[in-house]
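User: Hi! I'd like to go through this model with you, one question at a time. Could you take a look?

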Amino acid sequence: MAVQTDTPEDVFEAVEANDVRFIRLWFTDILGRLKSFAINSTELERAFDRGIGFDGASMTGFNPVEESDMIARPDPSTFTLIPWRPGGTDAVARMFCDIEVPGGLAYEGDPRWVLKRALRRAADLGFDDFVVAPQLEFFYFRSARPEGGVPEILDEGGYFDLTTLDAGSDVRRETVLALGQMGIDVASTHHEAGPSQHELDLKLEGALRSADDIMTSRVVVKEYAVQQGWHATFMPKPLDDANGSGMHLDQMLVKDGVSAFHDPDRPGRISQTARAFIAGQLRHAREIAPLYAQWVNSYKRLVPGFEAPVYLSWSRRNRSSLIRIPQHHSGGAEEARVEIRCPDPSCNPYLCLAGLLQAGLEGIEKGYDLPEPMEENLYHLSPEELGRRGIEQLPATLGEAITTAADSELVLRTLGEHTFSRLVELKRQEWDAHRVQVPPAEIENLLPIL
């Protein structure tokens with residue numbers, strides 16, 4: 001049973017009621033890798049009052065050694081017991097933290113702060129919240145380091161298969177139960193299109209809560225896979241001949257308690273706010289690509305032919321477009337959402353959601369016009385025809401993506417100068433290291449003939 005905590009006092013009560021001995025304090029580095037250290041429950045009051053100091057110099061993208069003093073201040077609303085740790089005495093809990101610098105100011109390199117700043121812009125424009133529902137795809141493999149370099153799958157199942165081919169269904173069920181105990185609602189789960197590929201669909205939550213839930217879900221999926229001796233991965237494209245793993249996001253801006261994307265008097269019941277929001281995300285999709293597709297491997301997923309979106313268009317049903325409007329039965333305001341299909345589940349969710357929100361708000365604030373929808377299968381159109389219709393594509397490589405982002409004023413405003421410069425530097429290093437590697441396929445195909 002999830003524990004409801006809103007204040008430090010609620011946390012103190014939950015710790016006593018559940019015999020919690022240790023609390024893990026969680027936060028992320030700039031690349032979205034989870035960091036953690038544990039404190040004794042006797043240190044909780046100090047943690048809430050003054051925060052817990054740590055050395056940030058060893059955290060990727062954080063301050064250098066001469067400015068390395070950091071403070072982790074736990075967010076009481078994120079307190080939850082860790083279900084795979086022993087219950088009873090000496091139970092273990094976790095809380096996400098906001099990172100500060102000495103003196104109590106927010107650290108501008110904290111990804112959680114970057115998202116909070118984007119949400120403040122939405123509030124300044126009159127919106128109550130930005131809510132999202134992530135769809136996390138992932139693979140189960142036998143090992144993280146397979147012999148011969150090719151991951152060993154567990155089944156040959158396909159989309160929605162419910163057979164003995166779905167070797168991961170029991171583990172998936174245990175994962176969903178554990179997430180429920182941590183207060184994360186999973187709306188549905190199923191086998192995905194690729195062999196040994198699965199999906200968890202999380203319910204709509206505010207963007208900050210949703211980013212926390214994505215980080216937690218990645219940990220829980222991996223933890224329960226390890227218990228079976230398997231390896232779970234959110235790598236965007238681990239198999240050459242199968243679909244990659246995406247993280248489609250249903251998005252909604254809320255105003256006066258209802259979806260700002262719904263207008264029953266407009267065609268398709270899509271409000272002008274939604275149209276401008278979509279236009280903003282389409283116009284800036286190339287610039288913000290390193291925020292939702294941040295790895296070299298991400299761009300091996302974003303190619304035609306494997307159901308991944310690469311074309312900057314929108315539609316009402318067509319899944320070959322980057323953005324679509326899901327068609328639900330009732331068509332009510334509560335179902336008025338915008339689905340964007342380019343993010344992958346290995347991204348830093350705080351930076352990803354911040355970039356998507358800022359791009360959409362840019363369209364609203366500046367009144368971008370939305371082009372006509374593309375309802376035909378874009379994968380069937382030639383490059384020449386796409387060009388005639390003015391349909392651009394996402395960057396083809398991380399190198400192209402980071403070059404575009406480095407010149408983007410929107411990305412700079414989204415991240416702030418500190419995070420912007422560090423992310424660009426890190427991604428350039430990753431791309432340069434990739435460019436000089438000689439993959440086995442090149443040796444196999446070229447060495448005998450050249």
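This is a predicted model: local features need pLDDT of at least 70, side-chain atom pairs count only at pLDDT 80 or more; totals for chains, interfaces and linings use all residues.

User: Which element gives the largest share of the lining of the second largest pocket?

Analyst: Residues are numbered from 1 along each chain as its sequence is written, and side-chain values use heavy atoms, with hydrogens and water left out. Strands (E, at least two residues) and helices (H or I, at least four) are DSSP runs numbered from the N terminus, and β7 (129-141), β8 (186-191), β9 (197-202) and β12 (247-255) each give two or more residues to this lining. The largest share, four residues, comes from β9.

User: Which residues lie closest to the centre of the second largest pocket?

Analyst: On a 1 Å grid over the protein atoms alone, a pocket is an open set of points where a 1.4 Å probe fits, with protein on both sides within 12 Å along at least five of seven lines; lining residues have an atom within 4 Å of a point. The second largest pocket has a volume of about 790 Å³, the space filled by probe spheres set on points joined across faces, edges and corners. Of its 35 lining residues, the closest to the centre are Gln135, Tyr159, His248, Arg319 and Arg341.

User: And in the largest pocket, which element gives the most to the lining?

Analyst: That pocket has a volume of about 1,500 Å³. Its lining takes at least two residues from each of α5 (207-226), β11 (231-233), α12 (409-435) and α13 (440-446). The most, five residues, comes from α5.

User: Which residues touch the most other members of the largest nonpolar core?

Analyst: A nonpolar core is a set of buried Ala, Val, Leu, Ile, Met, Phe, Trp, Tyr and Cys residues joined through side-chain atoms within 4.5 Å; buried means under 20% relative accessible area, exposed over 50%, partly exposed in between (1.4 Å probe, protein chains only). Leucine 115, for one, touches residues including Ala207, Tyr350 and Leu353, where contact means heavy atoms within 4.5 Å. Of the 99 core residues, those touching the most other members are Leu115, Leu253, Tyr292 and Leu357.

User: How far is the nearest cysteine sulfur from that of cysteine 347?

Analyst: A disulfide is a pair of cysteine sulfur atoms within 2.5 Å, and the structure holds zero disulfides. Cysteine 347 is buried, at 1% relative accessibility. The nearest cysteine sulfur belongs to cysteine 352, at 4.0 Å.

Methods
Lists of a residue's contacts leave out its neighbours within four places in sequence.
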